[in-house]
Amino acid sequence: MKIINSFKKTFLFTFCLLLFSANTHSITLEKTPVSLNNPWGMSWADDQLLITQKSGEIYLVNTNDYTKIKIDHKIPFVQHGQGGLLDIVSDKNIVWVTGSIKKNGKYTTCLLYTSDAADEGLGVDLGGRRI
């Protein structure tokens, strides 16, 4: 009985050692020189980041040299309380943005998107594309 228990303990220890040592990855956090006031949402666009600020700015940040470009847009958002220009998601040539708007005298959250294939007459300009 002692031999079986000893074997079980040795096997379990060896299994755990192999399991945890084989899947160990280290992550290094690095502070970047990019200065933002109230960053809210971000999404990867290739090797760049799209970052929104609650106050309404959208930046395209190059993650290699940390340069940032402010993207001009005409999104009709309203900054009020916890609301403002919120999340952003990018997938290939489509970008979705959420933000607060005023509708019928009340504040609500809406989802806007842009695509190279979007209809020119139905949207908001986001850096040369339509939302």
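Student: Hi! Let's start with Asn104: is Asn104 buried or exposed?
Tutor: Asn104 counts as exposed because its relative accessibility is 75%. The cut-offs are over 50% relative accessible area for exposed and under 20% for buried, with partly exposed in between (1.4 Å probe, protein chains only).

Student: Before I go on, what kind of model is this?
Tutor: This is a predicted model, in which local features need pLDDT of at least 70 and side-chain atom pairs count only at pLDDT 80 or more, while totals for chains, interfaces and linings use all residues. Residues are numbered from 1 along each chain as its sequence is written, and side-chain values use heavy atoms, with hydrogens and water left out.

Student: Thanks. Where does Asn104 lie?
Tutor: Asn104 is in the loop between strand 6 and strand 7 (106–115). Strands here are DSSP runs of E with at least two residues, helices are runs of H or I with at least four, and both are numbered from the N terminus.

Student: What about the phi of Asn104?
Tutor: Asn104 is not a glycine, yet its phi is positive, at about 55°. For background, most residues other than glycine have a negative phi.

Student: Which residue in the hairpin of strand 3 and strand 4 takes a positive phi?
Tutor: That is Tyr66, with phi near 60°, in a hairpin with 5 residues between the strands. Tyr66 sits in the loop between strand 3 (58–62) and strand 4 (68–71). Tyr66 counts as partly exposed because its relative accessibility is 26%.

Student: How many bridges do strand 3 and strand 4 share?
Tutor: They pair in the antiparallel sense over 4 bridges. For two strands to pair, DSSP must find at least two bridges between them.

Student: Let me zoom out. How many helices and strands does the protein have?
Tutor: There are 1 helix and 9 strands. Along the sequence the pattern is α-β-β-β-β-β-β-β-β-β.

Student: What share of the residues is buried?
Tutor: Of the 131 residues in the protein, 29% are buried. Thr52 is one that counts as buried because its relative accessible area is 0%.

Student: Where is Thr52, then?
Tutor: Thr52 belongs to strand 2 (residues 48–53). Leaving out residues up to four places away in sequence, Thr52 touches several others, including Trp40, Ile58, Leu86 and Ile88. Contact means heavy atoms within 4.5 Å.

Student: What does the side chain of Thr52 reach?
Tutor: The side chain reaches the backbone oxygen of Leu86, at 2.4 Å. A polar contact is a pair of N or O atoms within 3.5 Å; within protein, one must be able to donate a hydrogen and the other to accept it, and residues adjacent in sequence count only if both atoms are side-chain atoms.

Student: Is Ser100 buried or exposed?
Tutor: Ser100 is buried because its relative accessible area is 8%. Ser100 is in strand 6. Apart from neighbours within four places in sequence, Ser100 contacts residues that include Phe77, Leu86 and Thr108.

Student: New topic! How much space lies in the second largest pocket?
Tutor: About 180 Å³. A pocket is found on a 1 Å grid over the protein atoms alone: it is an open set of points where a 1.4 Å probe fits, with protein on both sides within 12 Å along at least five of seven lines, and lining residues have an atom within 4 Å of a point. Points are joined across faces, edges and corners, and the volume is the space filled by probe spheres set on them.

Student: Which residues line the second largest pocket?
Tutor: Among them are Val34, Trp44, Ile51, Val61 and Tyr66. Strand 1 (39–45) and strand 2 each supply at least two lining residues. By class, the lining has 7 nonpolar, 2 polar and no charged residues. Nonpolar covers Ala, Val, Leu, Ile, Met, Phe, Trp, Tyr, Cys and Pro, charged covers Asp, Glu, Lys and Arg, and the others, Gly among them, are polar.
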